[in-house]
Every structure is written in structure tokens, then in C-alpha cells.
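Have a look at the structure first, then read on.

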Amino acid sequence: GEDVAIVLTATDIEHDFTIDGLDTHVAAEAGETAEGGLRAEEPGTYTFYCSVEGHREAGIEGTLTVT
């Protein structure tokens, strides 16, 4: 139930931070920083990933655990 700030810096190429279950999407162009945020009202596990083509398949994903 708390606001969480997201600061994403893409140093090499475009990247983003996406969590479908929390309707979260923050995107940064190469060499730029983007800011956004999220709020998870329910405990659980949420998959985050980079939705740029090929990035998730290359392993840019993880799990966010909300307690």
C-alpha cells in the first residue's frame, strides 16, 4: 500500500521496466533516465521485465515480492 519510486537509467540502449499485474511501465531511451512509480495494494509476487523486443527472452526479468 505504499508508493514506490522507480528511477530507470538506460546507459546502453532503450530499456523499460514493466509489471503487468500492477499496470506499471517506465521506459528510458539510450543514455537517458526516466522516472515513474507503482503502488501494490495486495501482497503477492509480481513478474517484472523489459518489454523491448528480445530483452525478456535474453533474461531481463525478475520477481517483485510484496508482503
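Predicted model: local features only at pLDDT ≥ 70, side-chain atom pairs only at ≥ 80, totals over all residues.

Residues are numbered from 1 along each chain as its sequence is written, and side-chain values use heavy atoms, with hydrogens and water left out.

**Overall build**
- The protein chain has 0 helices and 6 strands (DSSP runs: at least four residues of H or I for a helix, at least two of E for a strand, numbered from the N terminus).
- Its radius of gyration is 12 Å, close to the 11 Å that the globule rule gives for 67 residues, so the chain is as compact as a globular protein of that length (the radius is taken over C-alpha atoms, and the rule is 2.2 Å times the number of residues to the power 0.38).
- The C-alpha trace spans about 35 × 25 × 15 Å along its principal axes.
- Buried residues make up 33% of the 67 (buried means under 20% relative accessible area, with a 1.4 Å probe and protein chains only).

**Meet Asp16**
- You'll find Asp16 in strand E2, residues 15-19.
- The side chain of Asp16 makes a polar contact of 2.5 Å with the side chain of Ser51, and another of 3.3 Å with that of Thr18 (a polar contact is a pair of N or O atoms within 3.5 Å; within protein, one must be able to donate a hydrogen and the other to accept it, and residues adjacent in sequence count only if both atoms are side-chain atoms).

Notes. Buried < 20%, exposed > 50% of the residue type's maximum accessible area, 1.4 Å probe, protein only.
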